Amino acid sequence: MRHLMSPLDFSVEELDQLLDLAVDIENHPEKYAHACDGKKLATLFYEPSTRTRLSFEAAMINLGGSVLGFSSAASSSAAKGESVSDTIRMISCYADICAMRHHKEGAPMVASTVSSIPVINAGDGGHQHPTQTLTDLLTIRSLKGRLGNLTIGLCGDLKFGRTVHSLVKALARYEGVKFVFISPEELRIPSYIKEDVLEVNHLPYQEVERLEDVMGDLDILYMTRVQRERFFNEEDYIRLKDFYILDRKKMELAKDDMIVMHPLPRVNEISVEVDKDPRAAYFRQVQYGVYVRMALILTLLEVKVC
Ligand code: NCD
């Protein structure tokens, strides 16, 4: 049985197959409409979510399956003191697969060690968010036609942003990817990512503070929200929250075929005037998230559709 904790749990070849499956689902949804008839997905969300939880649920429903679960720790037995391990043992009796989001780094990993059904990490603290990364990879491959030979700028909260950590790990495996990290001093990419992922593999990267200085070099601009819930004090959050605001004027500095991505939710970091720009890809990214989660559910449940 397989779980998904990190995007690196799949080899590059397996990821290619998963993305190919997602594209087939996009093109022939009817072929998959009953692939998971009678199967159940449990969504165990100890932290708030809109897109991730609902896209998992939409994915399972699109496959003919059904969903059950909870959407906050307060409405689960965690509020009574139940451990993640006990909860997952019990959920294994109710469902065939589960997606778990938790504020503690490593909680889904702990769950996977006692679970008798596949566990998908749907975001663990400031650590990883592998299914957002699958979504991002499918978006990049679909809109740019490749996953290598790209200059990607990651902008905003690179310290706490788990989507950034997972995406950097995943993209580091492709040839010719150049990373540009754009953040204020306090929110720089963690040194463990620089040392263990980039420097070990001799991958080129740049760290800058001003978005304007690098805008014209980028094939992809990946914007992120300042992660308020992971700050130790509100003053720092208030000081940093509007550090970057992508607007029409800054978009004028970008290449004509650059794409703007964002895992969402957006707060202030992309002005709504950018939504109309054809290079804004963040709402299309949401749709790719459903296809790729459908492909992931089929893969982990080992359901084959001919
Ligand atoms: C992200 C997350 O939860 O890490 N959201 C998402 O799942 N699309 C990004 C965020 O919350 O800023």
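**A loop and its surroundings**

Reply: Start at Pro265, which sits in the loop between strand S9 (259–261) and H10. This is a predicted model. Leu264 belongs to the loop between S9 and H10 as well. The peptide bond joining Leu264 and Pro265 is cis, with omega at about 10 degrees. Leu264 also has a positive phi, about 65 degrees, although Leu264 is not a glycine.

Now look at Arg248. This residue lies in helix H9, residues 248–251. Leave aside residues up to four places away in sequence, and Arg248 touches Glu273 and Val274. Arg248 and Glu273 are 25 residues apart along the chain. Their C-alpha atoms are separated by 6.7 Å.

Next, the division of the chain. Domain 1 takes in 7–128 + 287–300, and domain 2 covers 130–285. Their C-alpha centres lie 24 Å apart. Domain 1 puts 34 residues into the contact, and domain 2 puts in 29 residues.

How much area is buried between domain 1 and domain 2? The figure is about 2,600 Å². Carbon and sulfur atoms give 59% of that area. The size of an interface is often given as the accessible area lost when the parts come together.

Four salt bridges cross between domain 1 and domain 2. Look also at Arg230 and Glu47: their side chains meet in a salt bridge, 3.0 Å from N to O.

Which elements give two or more residues to the side of domain 1 that touches domain 2? They are helix H1 (12–27), helix H2 (51–62), strand S3 (97–102), strand S4 (119–124) and helix H10 (282–300). H1 gives the largest share of that side, eight residues. By residue type, the side of domain 1 that touches domain 2 divides into 15 nonpolar, twelve polar and seven charged.

Last, the whole chain. Its secondary structure comes to ten helices and nine strands. The radius of gyration is 19 Å, close to the 19 Å that the globule rule gives for 306 residues, so the chain is as compact as a globular protein of that length. Taken along the principal axes, the C-alpha atoms fill a box of roughly 55 × 45 × 40 Å.

To trace this on the model, begin with the cis bond between Leu264 and Pro265. Go on to Arg248 and its contacts with Glu273 and Val274. Finish with the salt bridge of Arg230 and Glu47.

Key: Residues numbered from 1 in each chain as written. Predicted model: local features only at pLDDT ≥ 70, side-chain atom pairs only at ≥ 80, totals over all residues. Heavy atoms only, no water. Domains from an automatic or database assignment. Contact = heavy atoms within 4.5 Å. Buried area = accessible area lost by both parts, 1.4 Å probe. Helix = DSSP H or I, 4+ residues; strand = E, 2+ residues; numbered from the N terminus. Nonpolar A, V, L, I, M, F, W, Y, C, P; charged D, E, K, R; others polar. Rg over C-alpha atoms; globule rule 2.2 N^0.38 Å.
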